[in-house]
Each structure stands twice: as structure tokens, then as C-alpha cells.
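Thanks for making the time this morning.

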Amino acid sequence: MLRLMDIVDRVQATRPTANVDLVQRAYVFTAKVHHGQVRMSGEPYLIHPLNVAFLLAEWNLDEETVATGLLHDTVEDTVATTEEIRDLFGESVAHLVDGVTKISRVTLSDVAAQKAESLRKMILAMGKDLRVILVKLADRLHNLRTLHHLPPDKQKAIARETVEIYAPIAARLGMSRVRMELEDRCFEVLHPEQFLELSRKADERRRNREAHVRSVVTLLEGKCRDAGIDAVITGRSKHLAGIYQKITRQGIDFDHVYDFIGFRIMTKTLRECYEALGIVHNLWKPVPGRFKDYIAMPKANLYQSLHTTVFGPNAEMMEIQIRTEEMHALAENGVAAHWKYKEGRQTADKGDQMFLWLRQILELQQDMKDPREFLNTVKVELFPEEVYVFTPRGDVKELPRGATPIDFAYAIHTEVGNQCVGAKVNGRMVPLKVPLKNGDVIEIITQPAHKPSRDWLKVAKTSRALNKIRAVLREEQQEQSLALGRQILEKELRKYSLNLNKVLKGQEFSEILQESRCKTAEDYMMTLGYGKVSVMPLLRRLVPPEQLQEKVKESRLSSLIRKVVMRKPSSVVVKGMDGIFIRLGNCCHPVPGDPIVGFITRGRGVTIHSKECPKVLESDPERAIEVSWEEGTKTVHPVKLRVVCSDKPGLLADISRSITASDVDIRRASVLTTRDKRAICNFEVSVNDADHLASLIKSIEKVRGVQSVERGKG
């Protein structure tokens, strides 16, 4: 069992002058307030904060952070209070414990909203003090190490959240060692069969390759020694989750993962890195297009290294990374390896460019009301594969893989993006949808009166560009709807010789504002222009019944909507609207139980989307309308499923039997085979609701040979 002195020794090893008394007092307090509490494993609860604190000490963090690791659950799980922590351990530790506690205390009925709000709190806490997220990472890592004591459904929920949020944050902070362990442990939980199979194959290949690794390491050591380079050379295998990601992303099998074994050369100086690169390229022919200089152009998380892939012995491809010992420390532990604390504020000693993405998210979240929009925005920022491009003046801009000149324009300035009419890449005019490549030099051509097009939402990749484009489009649509709503209102009031200005000042209009939940007259006219409300309730208050023409002309949008078939699926209810045509989005195929949102569509009634559907982000939020599933409906709904499995005789029949055994009809099926002996089966099936679908997916996943099952799109 871990002891307090193990933590103290580790803190003193890297920080000889550290105030270890703070750590010792935190231990005593934690042991007292957690006394009698046990974990799911039956072990004393104290084991968890001890392990969290030790991880933080291993990451070379200061004594305040280590003490927070010991105290991080005290306010949430015991009778201790933040004020008590502040009195005993000081303002800084209390602030950290409070930050960790607030992230944990998110309880909303909607799971997606809860996840989004939890992430929002995490990002805000990171903006104030990055140590908060380091404590959360240590907390999550130890929880994953002991995850097997929890029920399977709880294990999977924690693993999914870790893959979506915590592992990407660790990657963004440059903590690759932590990220890899998080991903591997989640891989074991989420894909147990694939994990066992891949583990077996990896161990077998590792044993078979030991002689090869030794010979390459010995050869490189000798060549570096002859050149006077003091270097440490190692051979290491790729982590299992990384191998699985590559296999699924590229559609290959394990035998075609050529960079399973990689080599690392660690030198003392920067100059020796490039000398070692020369030695490697003299020994073996480099693979074209596979050299990356992250030393000259570091990643956003400050990662630096030379990456090259060569045709090694027997013409076998192998990857070699070359870096200094300092670069290696940063690559392994990221921000924790280069963190300073001054007067209660913290700054990375290599500048704050690592946190440009964090600052952008903090700016964007201020304008986002929908938690799911925020969640998707952060995912875009946490999962980039970087492309480095240049302004004509030579300034470097980092963008995600697939970014276009539109993203580049918005990265320069919002107005440059809004006024962009064209772009030159490397001196040549290109379409705005062309993906940018590493090293491109981009010049943006602007026109002052120009505004973004809605088509740009299909082209832009960065959350910054997408949000700025939506903001302009939203503003334009609001102006158009306001003008249309005013026109409708004036026209209807004129029929009864009513003056618009007088009506707007009257009691009747005040009552209508309250009923329609509009704050101002402009809000009401805008809503009227969108077709969300009718002018009829106002007219009934202003005009005697005998004079009122019941068949008033509605807004142009409402008129168009009501020309289509006036019915709706019995399974969907639209708040405040009856007899309106409803269709389910073909992009996401929502089923009862899925969180949904409706969007008014000109001439096509209301379209229902899943709240997780990417189309929701592209849609104008002003056209959103509240919808819900009607209780007790028995209708069936089409859903597409994509099943990836081994290409072997009888497997399709086994999958089909599994589907029909789940009381599900197969409406359509198609199969594609790949060169790596896999089959991709696309099914269209009919299910009752989300629970029925989840049960079906679990049933298919149990079929031997099935590698993955996911809900199809489009």
C-alpha cells in the first residue's frame, strides 16, 4: 500500500525546498474526514487520494497541487467545507479544491447537457488555474486503474467520457504518457474482445521482433558514438489504443501496421538532433513525405521532435523520433514538466502559445447558450491534427487538418474572414473550399461590403470560423425576419384601421408579449417574421368579433408551411402548433428516446433532428422550435446501422439472425468487402425507440467476428 512518505520523498526529490509540512497536514486531515469510508473494492477510501497525490508528485507538480490531490474529495464526500480548507491550508489550496469540486457537482437530467456543462466548468477552471485539470486528470487516471470494481454499464460510461474529454485534454497539454494510459484502459473497457486479440498479436510480434530491435539499436548507438554524439536510443512499440485507432481509421489489419515498433534517439543538444537525423538518412532511405520537423515548428502543446520514416533493414518501414532530453520530458509530461508558480499565478516557462486554444474556447463559450453547441465546439478544438501554414509576412498559423482558406481568414481576424472573397495559395488563386497543406503561404483577398455565405458552414472546419459565420448569418436572418414581421403586422392592422405605434403602446400588446415570451416589440415582430407565432391572438384582442375576418393572411412562412400536407407523425408533439407537417431528418433518423429539436423549414413544415446531429449546428437557432416525443406511441422508425466485421462465411447470416431475434425487421442490407479481409455491412432496420435500438446494438456486438457497430448517417 502507498504511504505518505512515498509522496513526500517524491516531492522532495524534484523540489528540495518544498513545504512538505503542507502535504503532511493535508494527509492527516484527509485521513480523519474519510475515516470509515470504503471504495467499491472494499478498500479504505484513503487509498484513492493517496494515489492521486502520488501521481501529481510523479508529474513534478508543486506541494499545493499535491496537497489538493489529497484533499480533492473532502468537500464533496465528507462534512468538510471550503472555508475549513481555506483556514487550514490557505487560499490557493482552497481555490484548487473548490475548482475540482465544482466540476464534479454537475447534476442535470439530460445526460448530454450534463456532460457539456461539466466540460464547460472544466474549461473555465482551466482558464483560472490549470492545476485544477491536472488534479482531475490524476483523479480520473487512478479511477480507471480501479475501474473493474464498478458495474459494466458504469465502466463504459466513464470510459466513453474519458475518451471524449479527458484523453484529448491530456493530449492538448502535451501529456502523452497520461493520454496513452487513459486511451489503453478505455480501449480495454469499450472493446474487450478487440483488446484481447490485439494484445495477443502485439505480444507475439514483440517477441518475434526482439532481435531486430536490438540490432537496430546497436547499429544506431555505434554510428552516433563514432560521430561523437552522446545519445540514448530505445525501441518501443505503439500503444494498443493507437494501433486500434490506426487499424479502424485506415481500414487495414494488424499485419499491415508497419510502424508497430518505433525507435527514439535522445540527444543532449539541439545540434545533435539534426546530426543524428543525417546519420539515420545515410543508413536508410527516407520514405518520401514522411518527415516532420516539429523542432522548427512545434505543435500547439509545445511538443518538439524530429519524425522520420525510413526503409530499414529488409526494406521494412520504421519510424524514428529524434529529440533532446528536455524535449522528451515535455513530450512525456507536457505542461507539468515546465510549469512555474509565481505569486499565486501560473505561466508556462515557454510562453503561453500552448494555451491559445484554451483562450479561444473561453472567448467562444461566452456567446454560447446551448451546452451541446459548446460541447461540439470544444471537441473540434481538442481533436485537431495540425497543419502549419504561413501569412505572406512569414507568420505561422496552426489549423486543424482539412482547414480551408476561410478558416485561415478567420484565424487572422473576424473582419478578414467576413470580407473574404478569394484566396491565393502559394501565389495562385484557389477556391475557398480547397484544404490547406503544411507549408502553404496564404494571401486573403477581401472586399469591404462582402458577407459570409451559408455554404461556408460546409467548408469551414475550425470552431472559430463556424461560430463567426453563424453569428453573421443569424444577424442577417434576424434583420430579414424583423422587416418581414413588421410588414405583416402593419398590413394586418391596416385592414382594421389600426395604428401600429398606438398598438405597440397598448395594454393588449403587453399581454401578447407575455404570452409569446417576447421581451420587446422587435422580438415579437422577429418571431412573427419567422412564422413561430400568428398575428391572430393580437387581432382578437383589438378587433370586435363581428368585424374580425377570421381568415387573416398569415406570414409568408406560415402560409408556405400550411400548404404542405397538414399532418404529423403521431409520435412527435410540436409545442404551440397543431396540424403542421413534420418529417424526421434523414441525416440522423431520430427515434423515440433520442433528445430531439425541431427546425422550421420554409415550405416543408418542421424537420426533427437528434440534438447530437451535426446538422443542428449548421441550422439557424432562431428557427428552432420545442418538440417532444409523444408518450405511449407504438410506431416503428427506420434506422441505419454500420457493422464492421471479419469477412468470413456465415457471419452475415449470424448478424441477420441476431437482428431478427431482437424483434427487428431488416428493410435493406448491403455488404462491402475490403482488401484486409473485413466486411462493412450497412443495414436499414425498423425499431420502436432508443432502448430498442440500444438492445439491438448490444445483441449484434455479441456476434463473434463483429468488430464494431455504430449508427449510420445519411
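Let me begin with a hairpin, which strand 9 and strand 10 form with five residues between them, and in whose turn G394 has a positive phi of about 95°. Please keep in mind throughout that this is a predicted model, and that every value I quote is computed from it. Strand 9, residues 386-390, and strand 10, residues 396-400, pair in the antiparallel sense over five bridges, and one of the pairs to look at is Y388, whose bridge partner in strand 10 is E398. Is strand 9 enclosed or open? Four of its five residues are buried, so strand 9 is largely enclosed by the rest of the structure.

If we take the contacts with a separation of 6 or more, 66% of them are between residues 24 or more positions apart.

As a reminder, strands of a sheet pair through backbone hydrogen bonds, either parallel or antiparallel. Strand 11, residues 420-425, pairs with strand 12 over three bridges in the antiparallel sense, and K424 stands opposite M429 of strand 12.

Let me turn now to helix 29, residues 690-701, whose twelve residues reach 16 Å from the first C-alpha to the last, close to the 16 Å expected at 1.5 Å a residue. Which residues of helix 29 are buried? They are H692, L693, L696, I697 and I700, and, seen down the helix axis, they fall within an arc of 135°, so they line one face of the helix. The face turned away from that buried side carries the exposed residues D691 and K698. The buried residues of helix 29 pack against strand 20 (637-646), helix 28 (651-661), strand 22 (678-687) and strand 23 (706-711).

How many disulfides does the model contain? With a cut-off of 2.5 Å between cysteine sulfur atoms, the count comes to zero. C681 is in no disulfide, and the nearest cysteine sulfur, that of C645, is 3.9 Å away. The C-alpha atoms of C681 and C645, which are 36 residues apart along the chain, are separated by 7.9 Å. Leaving aside residues up to four places away in sequence, C681 touches L641, R642, V643, C645, L652, S670 and V671. Is C681 buried or exposed? At 2% relative accessibility, C681 counts as buried, and C420 is buried as well, with a relative accessible area of 0%.

That is where I will stop, and I am happy to go back to any of these regions.

Definitions and conventions:
Residues numbered from 1 in each chain as written. Predicted model: local features only at pLDDT ≥ 70, side-chain atom pairs only at ≥ 80, totals over all residues. Heavy atoms only, no water. Buried < 20%, exposed > 50% of the residue type's maximum accessible area, 1.4 Å probe, protein only. Pairing = 2+ DSSP bridges. Helix = DSSP H or I, 4+ residues; strand = E, 2+ residues; numbered from the N terminus. Expected span 1.5 Å × (residues − 1). Arc of directions from axis to C-beta. Contact = heavy atoms within 4.5 Å.
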